Amino acid sequence: MNKNPLFDWISAGTTAVPNYLLKYYTKIGLNNDDLVTLLQLLSLVGNGQRFPDSQLLADRLNVSREDAFKAIHQLMNKKVLTIETRADEEGKTVDEFSFDLLYEKLSALLLQSIKEEESEKEVLASKNLYQLFEQEFGRSLSAMEIQTLNMWIEEDHYRPELIEMALREAVLNQVYSLKYIDRILLSWEKKNIRTKEQVEKESKRFRQSQSNDETKEKSDPDEKPVPMYNWLKDKFDN
């Protein structure tokens, strides 16, 4: 009975390769030859050859054993491959290839790209903030006002959405001043309010408190009116 070639193909197994590696291998210092060598080593290790002979790799790459050894050495020099020594189940010392440095580099690259993306979003949000402030103020911002906005984002690390909420509260109170908005932000910071959702929750709580006080005032007309405290203003106004 002839052996089905499909059986050989299935029994050979598969090799899981991170798409992030295929997409960004050049950004971690690898060239095409490095990638092919790395993929072959991943395949061999994945099939149980934890420390394959260089001749086995040479046969796959169709190169000499010496060139295969050089290819492995190059991956080690580029800090994506190491040889680790460990004890096996019988307590014997064995060597094996480790790709931990490769995954660390890919992880660092991913984190860097996320930070760059967030930075780009902040720059865009900053530009939108300038336009929003000028629109609400009905004039262009001064150099000092632009500097204040930059300080809120870069030094105080206020989220653009939080600054936008503070601007909205200032507009509702008809106070078109960055000093007033700065006091709003400081007040929120003291209350550990750092997100849009927290601002909305606090605003709802405060306005509900106002509504309850107004109801109480109407129910007892002889009681003297108590001036309402604006929770957005800092205590150093006193």
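Tutor: In this predicted model, Glu154 belongs to helix α7, which covers residues 143-154.

Student: Is Glu154 buried or exposed?

Tutor: A residue counts as exposed over 50% relative accessible area. Glu154 is exposed, because its relative accessible area is 58%.

Student: Which residues gather with Glu154 in a patch of negative charge on the surface?

Tutor: The patch holds Glu118, Glu122, Glu155, Asp156 and Glu189 together with Glu154.

Student: How should I read a salt bridge?

Tutor: Side chains of opposite charge can pair when their charged atoms come close. In this structure, Asp53 forms a salt bridge with Arg65, and their closest N and O atoms are 2.9 Å apart. This pair links distant parts of the chain, 12 residues apart: Asp53 sits in the loop between α3 and α4, and Arg65 in helix α5.

Student: Which residue forms a salt bridge with Lys70?

Tutor: Lys70 pairs with Glu66, with 3.6 Å between the closest N and O atoms. Both residues lie in helix α5, four residues apart, about one turn of the helix. Lys70 is partly exposed at 47% relative accessible area, whereas Glu66 counts as exposed at 53%.

Student: In which sense do strands β1 and β2 pair?

Tutor: Strand β1 (residues 82-87) and strand β2 (residues 93-98) pair in the antiparallel sense, over six bridges. Within this pairing, Ile83 has Phe97 as its bridge partner in β2, and Glu84 has Glu96. Five residues lie between the strands of this hairpin, where Gly91 takes a positive phi near 85°.

Notes:
Residues are numbered from 1 along each chain as its sequence is written. This is a predicted model: local features need pLDDT of at least 70, side-chain atom pairs count only at pLDDT 80 or more; totals for chains, interfaces and linings use all residues. Side-chain values use heavy atoms; hydrogens and water are left out. Patches are made of residues with over 30% relative accessible area and no salt bridge: like charges are joined within 9 Å, nonpolar side chains (Val, Leu, Ile, Met, Phe, Trp, Tyr) within 5 Å. Accessible areas come from the Shrake-Rupley method with a 1.4 Å probe; for residues, only the protein chains shown count as cover. A salt bridge is a side-chain nitrogen of Lys or Arg within 4 Å of a carboxyl oxygen of Asp or Glu. Lys and Arg count as positive and Asp and Glu as negative; His and the chain ends are not counted. The place of a charge is taken as NZ of Lys, CZ of Arg, CG of Asp or CD of Glu. Helices (H or I, at least four residues) and strands (E, at least two) are DSSP runs, numbered from the N terminus. Buried means under 20% relative accessible area, exposed over 50%, partly exposed in between (1.4 Å probe, protein chains only). Two strands pair if DSSP finds at least two bridges between them.
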